[in-house]
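Please look at the sequence and the 3D structure below before reading on.

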Amino acid sequence: MAEPVHEASHEASHEAAHEAAPHEAAREAAQEAAALDRLADFVDRHPRLFVLTGAGCSTESGIEDYRDANGDWKRPMPTTYQAFTTDTLMRNRYWARGMIGWRGFGRARPNAAHAALAHWEHGSAGHDGDRSRPSLLVTQNVDGLHEAAGSRNVIDLHGRLDRVRCLACDARFGRDAMQADLERCNPAWIGLDARLGPDGDADLEDAAFADFVVPTHAGCGGMLKPDVVFFGEPVPRERVDRAFAALDASDGMLVVGSSLMVYSGYRFALGAAERGLPIAAINIGRTRADALLDVKVEASAARVLARLFGDAF
Ligand SMILES: [Zn+2]
């Protein structure tokens, strides 16, 4: 396997080095250009890539990443399925923070990364169709921004935050209706503001969650949960099976904006390696699969993908 190509060093003196030695910036730019060339070549040589995207694909849409460049948590751990379903205070806390966070999250729009991936899937008029395109786009994100950008062949591995599911009767409906109910039941909370998180959550550590009212399903009185896979909750088997079927039909894998720290995504990198498929990644910081990568570009997903696919066809 080839050595991964890194855009920049991770030295603590990184910022200072820029000021002290302008040639360092030029060297890094040259390294990034070389990495981009290698990635473009990788895409050319593998016309049926299995694509896995993560939080780094949505950061430029204003949705903050969970993890720092070392793959460590930047924020408190997300609510677990066990806590959500058994602890009323935790459930109140989730929905209170979610009610605040949704106002920004629900307005988030696709960025150049989403647009470039959709462009890659569809191509543009005049092309002979004999080019590379993703065999499947699997996303760990729950923001729906790939679909909003026009991608069609997508599996939302962890579900969609714009939908709500009743845990008693399995009914599903749009999050906007839930949002209206939440705001109607909790008018005192509407004025609160907080930082936007990757799961539509928000930081409201000091608020009194006991007073928050969480609506139940009007149809049956059942507990309502966002239609997303929580930590501690299995990904629905059908999604995993469909993704692995696509991996079987692929000739390589491209990871975009994911540290692969969560096993539900990492297993596809393991699956690609088991099948002898080469793997490329665009990610700022280390990934759990670094040892498996043939090509790595440590740069913004939006910038790299726009260069690769934005106006290529
Ligand atoms: Zn119900």
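In this predicted model, pLDDT stays under 50 over residues 1-17, although the model has 27 contacts beyond four places in sequence for that stretch. Across the protein chain the mean pLDDT is 85, and 81% of the residues reach 70 or more.

**Confidence**

- A further stretch where pLDDT stays under 50 covers residues 125-129, and for these residues the model has 1 contact beyond four places in sequence.

- Strand β2, which spans residues 133-139, is mostly covered, since 6 of its 7 residues are buried.
- Strand β1, made of residues 48-53, pairs with β2 in the parallel sense over 6 bridges, and within this pairing Phe50 of β1 has Leu136 in β2 as its bridge partner.
- β2 is also joined to β3 by 3 bridges, and these two strands run parallel, with Leu137 standing opposite Val154 in β3.

**Strands β4, β5 and β6**

- Strand β4 (residues 159-166) pairs with strand β6 (residues 224-228) in the antiparallel sense, and the pairing extends over 4 bridges; here the bridge partner of Gly159 is Val228 in β6.
- β4 is joined as well to strand β5 (residues 172-174), by 3 bridges and with the strands running antiparallel, and in this pairing Arg163 stands opposite Gly174 in β5.
- β4 and β5 form a hairpin in which 5 residues lie between the two strands, and Asp170, a residue of the turn, has a positive phi of about 70°.

**The annotated residue His158**

- The UniProt record, an unreviewed entry, places the feature "active site" at His158, and in the model this residue lies in the loop between β3 (154-156) and β4.
- Is His158 buried or exposed? His158 counts as buried because 23 other C-beta atoms lie within 10 Å, while the cut-off for a buried residue is 20 or more.

Technical notes: Residues numbered from 1 in each chain as written. Predicted model: local features only at pLDDT ≥ 70, side-chain atom pairs only at ≥ 80, totals over all residues. pLDDT = per-residue confidence, 0-100. Contact = placed C-beta atoms within 7 Å. Pairing = 2+ DSSP bridges. UniProt positions renumbered as here; feature names shortened; annotations may be inferred. Buried ≥ 20, exposed ≤ 12 C-beta atoms within 10 Å, placed from the backbone.
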